[in-house]
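Dear colleague,

I am handing over a structure for your attention. Please look through it first; an account of what was found follows below.

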Amino acid sequence: RVMSLVVFTALTAMVAAPGSIHPVIGMIALLTIAVGAGAAGALNMWYDADIDARMARTAARPIPRGRVTANEALTFGSVLAIFSILTMGVLVNWTAGALLALTIGFYLFVYTMWLKRRTPQNIVIGGAAGAFPPMIGWAAVTGSVSIESVLMFLIIFMWTPPHFWALALYRCRDYERAAVPMLPVVAGAKETRRQIGLYSLILVPLAIAPALIGMAGVTYGVVSAALGAVFLYLAWRVCRITEGREADQAARQLFAFSILYLFLLFAVLLLEHAVARWIA
């Protein structure tokens, strides 16, 4: 679901970007972003096969189950990565191609290989990889990066920690068993809840900002404010309920809603710009 959401944010950026792109080139750009995301996922599963085998959430992935060998996953992911980058560069533009290469490289080398097993800030810094696609989509149309695409990047970047830390709260034993230093494992549930609250307080006004700078309209502003209120309420429940089954339930609710939250933000932004183009 998260990978699909990542591709959707890239589509939104392509529609919101000024100027135009040929529909065929636009489809190629979107396809290469999807393939690049698949490449990053395959390479992540290749490197993290030992961890995946020890975690209930990931034990059914192809490598732990023996359906794909590690070498096959490495070859598959590498081929997808190289050809998605080359296709984006040659058929769309090299700014978008370079950003796609940066995204795949950041996810594999910075997040997967360096941060994930070493620091509880793995999600914070590594979250940049999932935030790049709107910048890629924007660059596919404009050939450049602008404040609007950076703002979309920042929204996803700030969304990532409360989203994944909510998951980590009720999957803490999984990460502990796999020796992954997620924040609940290293700093405890109390500090994780505090960090979720802080990031949520930054995220919500940041998500409203597109309406304030003229990138989005009144509809987006109202919807983002309403969604933000729900997000803050669920984050507050996570901070307030600290024990028992209700604590896990609160974390699950925030995790589930966070996916819907980001989807609806970008869906409204997409619809606003699509309608404006149709009227024009």
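**The largest pocket**

Helix H2 provides the largest share of the lining of the largest pocket, namely eight residues. Please bear in mind throughout that this is a predicted model. The space in this pocket comes to about 1000 Å³. Its lining consists of 44 residues, and those nearest the centre of the pocket are Val2, Met3, Arg61, Tyr107 and Phe164. H2 is one of several helices that each supply at least two residues of this lining; among the others are H1 (2-16), H6 (94-115), H9 (133-142), H10 and H15. By residue type, the lining of the largest pocket comprises 27 nonpolar, 12 polar and five charged residues.

**The cavity**

How many cavities of 30 Å³ or more does a search of the whole structure find? The search finds one. About 50 Å³ of space lies in the largest cavity, and the residues that line it are Met152, Ile155, Pro210, Tyr220, Leu265, Phe266 and Leu269. Two helices, H10 (147-170) and H15 (244-279), each contribute at least two residues to this lining. The greatest contribution, three residues, is made by H15. The lining of the largest cavity contains seven nonpolar residues, no polar residues and no charged residues.

In soluble globular proteins, nonpolar side chains tend to be buried together. In this model the largest nonpolar core has 89 residues, and Ile155 and Tyr261 are the ones that touch the most other members. H15 gives the most to this core, with 15 residues. Ile155 also belongs to the lining of the largest cavity. For Tyr261, the contacts beyond four places in sequence are Trp159, Leu203, Val204, Ala207, Leu227, Gly228 and Phe231.

Asp48 sits in the loop between helix H2 (23-47) and helix H3 (49-54). Is this residue buried or exposed? Asp48 counts as buried because its relative accessibility is 0%, and buried means under 20%. Its side chain is joined to that of Lys116 by a polar contact of 2.8 Å. A further polar contact, of 3.0 Å, links the side chains of Asp48 and Arg117. If residues up to four places away in sequence are not counted, Asp48 touches Thr112, Lys116 and Arg117.

Gly19 is found in the loop between H1 and H2. With a relative accessibility of 49%, Gly19 counts as partly exposed. Although 122 residues separate Gly19 from Val141 in sequence, their C-alpha atoms are 6.9 Å apart in space. Gly19 touches Val141 and Arg277, again leaving out residues up to four places away in sequence.

Ala179 lies in the loop between helix H11 (172-177) and helix H12 (183-186). Most residues other than glycine have a negative phi. Ala179, however, has a positive phi of about 60 degrees, although it is not a glycine. Ala179 counts as exposed because its relative accessibility is 56%, and exposed means over 50%.

With kind regards

Methods:
Residues numbered from 1 in each chain as written. Predicted model: local features only at pLDDT ≥ 70, side-chain atom pairs only at ≥ 80, totals over all residues. Heavy atoms only, no water. 1 Å grid on protein atoms, 1.4 Å probe; cavity = no way out; pocket = protein on both sides within 12 Å on 5 of 7 lines; lining within 4 Å. Points joined across faces, edges and corners; volume = space filled by probe spheres on them. Helix = DSSP H or I, 4+ residues; strand = E, 2+ residues; numbered from the N terminus. Nonpolar A, V, L, I, M, F, W, Y, C, P; charged D, E, K, R; others polar. Buried < 20%, exposed > 50% of the residue type's maximum accessible area, 1.4 Å probe, protein only. Polar contact = N/O pair within 3.5 Å; in protein donor to acceptor, adjacent residues only side chain to side chain. Contact = heavy atoms within 4.5 Å. Core = buried A, V, L, I, M, F, W, Y, C linked by side-chain atoms within 4.5 Å.
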